[in-house]
Amino acid sequence: MDSAHRTLLYIGGKPNESLLRRLRDRAWLVVPAMSANTMAKLARAPMAGLLDLTDGIHEGRIARVEQLSRSLLVAWVALVSQETRKWSAVRDVIATHCFDFVTVPTSHERIVNVVGQAIGMEVLRSEVEPPELNDALSDGMIGSSEAMLELHRAIGKVAATDATVFISGESGTGKELTAQMIHARSERRDKPFVAVNCGAVPHDLLHSELFGYERGAFTGATQRKIGRVEQARGGTLFLDEIGDLPSESQAALLRFIQERKIERLGGLESIDVDVRVITATHQDMQSAVDEGRFRADLFFRLCVLQVREPPLRVRGKDITELAAHTLERFKDERERRIHGFAPDAIAVLHNYGWPGNVRELINRVRRAIVLSDGKYITAEDLELTDYVSLAPDSLREARAAADRRAIELALFVHRGRVVDAARGLGISRVHLHRLMQELGIPPRATVDEVHDLSDTG
Ligand SMILES: Nc1ncnc2c1ncn2[C@@H]1O[C@H](COP(=O)(O)OP(=O)(O)O)[C@@H](O)[C@H]1O
Ligand SMILES: [Mg+2]
């Protein structure tokens, strides 16, 4: 079996250290199972999971298993004790969710073998039924505001080329979703889309995760491991949070982008790999470059084409559409029916600034579905009562907020060009500059003036 597929999720209490060591020796990358979002970024390849039921059933853990099984290809192995294996609740969980179970205490060898079988089965299953990219993509991207239409145009343009793309935008705005859409609309659509979150993988593991290693490259490298770059062969590699890429990997990535060759750790040969690279971050890369944390030559290469994600607060009616869609999608998570949003909730959806953007909106609505005890979700259920009515000098504030949104939107649509944004708003450039200063809107450093679509053919 391909060693590149050996990710093992772990759900439970504190894992047994010597078992962990044994698994790592067998080239397993053991990751604690966090939220589905984090996990979805980690890998789309089949993986195994270890679910600790030796201390009974924890509802939270079971919920996590369910959630992860929806978005990932994972075969679970339960660990039970002599005692808990007799419980009917434990047997139910195993029957519903698990590929197999192991009764502990037992040898670590046996556990290693069973998770090996589990992942083998999952690989087989994935080959029978090709997985969807993820459920968000099949649901599509929601929104038809001016800002989103602009984004769709940008996606369409870059999907038609094969150049490297850099996606910037605040966190939770949909950068990964955008990368998936670019891939899905490109000629590479039938080849893999591989996403790596450079901020989520520990730095000392990231290099080998990306570029792989040969057997014997270091203690514990008992088998060759194919890195993510090679896994994406023919397709698209999406590197999220690229600002977190350590300098060692920056050099290797630069070489890869220039020469389309990689070297596995401990390997002697250069390997040709044809992969399109898309990167993203919410960080200000210009200052990362200025401060010497990121190589200027690499950043320049990554930014051949640039796509900007609009923040949620400038998407107008998309906000309520997204909220309604989220409610529709998750309302079955509770028994009693919820009919929609109360007026005070609609008000806060628009008054609130959404620093966490679409991700925050989805999280708040999901939480509200659970918290609400009426037919309609209220501002209180969204935990946003502070935003229902505006402060005492509310008219001034409301105007400032409206101005800020209009200006941010105009700047977004005109890709940061103040002259054009001012024209779009029907005011002079000087006036716009003054308003931006008053409202604290930074003039955006735009990279795409350096390169242009027409350069890349
Ligand atoms: N326009 C959209 N329509 C529907 N869901 C969206 C949209 N934009 C983002 N999402 C969802 O919001 C969450 C965060 O998106 P993601 O692409 O991970 O953001 P980022 O990478 O910018 O932090 C994901 O669950 C994604 O599916
Ligand atoms: Mg992201």
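**Backbone, ligand and cavity**

A: E241 lies in the loop between strand 8 (236-240) and helix 11 (247-259). Helices (H or I, at least four residues) and strands (E, at least two) are DSSP runs, numbered from the N terminus.

Q: What is the phi of E241?

A: E241 has a positive phi of about 50°, although it is not a glycine.

Q: What are the ground rules here?

A: This is a predicted model: local features need pLDDT of at least 70, side-chain atom pairs count only at pLDDT 80 or more, and totals for chains, interfaces and linings use all residues. Residues are numbered from 1 along each chain as its sequence is written, chains are lettered from A and ligands numbered from 1 in the order in which they are written, and side-chain values use heavy atoms, with hydrogens and water left out.

Q: Which residues does the cis peptide bond join?

A: V104 and P105, with omega about 5°. P105 sits in the loop between strand 5 (98-104) and helix 5 (108-128).

Q: On to ligand 1. Which residues come nearest?

A: I142, G172, K175, E176 and R359, out of 18 residues around ligand 1. Being near takes a heavy atom within 4 Å.

Q: Which polar side-chain atom lies 2.9 Å from an oxygen atom of ligand 1?

A: One from R359. A backbone N or O atom of G172 lies 2.8 Å from a ligand 1 oxygen, and one of T173 lies 3.3 Å from a ligand 1 oxygen. A polar contact here is a pair of N or O atoms within 3.5 Å.

Q: How much of ligand 1 does the protein cover?

A: 89% of the 560 Å² of accessible area that ligand 1 has on its own. Areas use Shrake-Rupley with a 1.4 Å probe.

Q: Why does ligand 1 lie between two domains?

A: Domain 2 (135-308) and domain 3 (312-387) both give residues to its shell, so ligand 1 lies between them. The bounds come from an automatic or database domain assignment.

Q: How many cavities of 30 Å³ or more?

A: The count is 1. The largest cavity holds about 70 Å³ of space. A cavity is a set of points on a 1 Å grid over the protein atoms alone where a 1.4 Å probe fits but cannot get out.

Q: What lines the largest cavity?

A: E150, L151, A154, Q306, V307, R308, F412 and R415. Lining residues have an atom within 4 Å of a point.

Note on methods
A polar contact is a pair of N or O atoms within 3.5 Å; within protein, one must be able to donate a hydrogen and the other to accept it, and residues adjacent in sequence count only if both atoms are side-chain atoms. On a 1 Å grid over the protein atoms alone, a cavity is a set of points where a 1.4 Å probe fits but cannot get out, and a pocket is an open set with protein on both sides within 12 Å along at least five of seven lines; lining residues have an atom within 4 Å of a point. Grid points are joined across faces, edges and corners, and a volume is the space filled by probe spheres set on the points.
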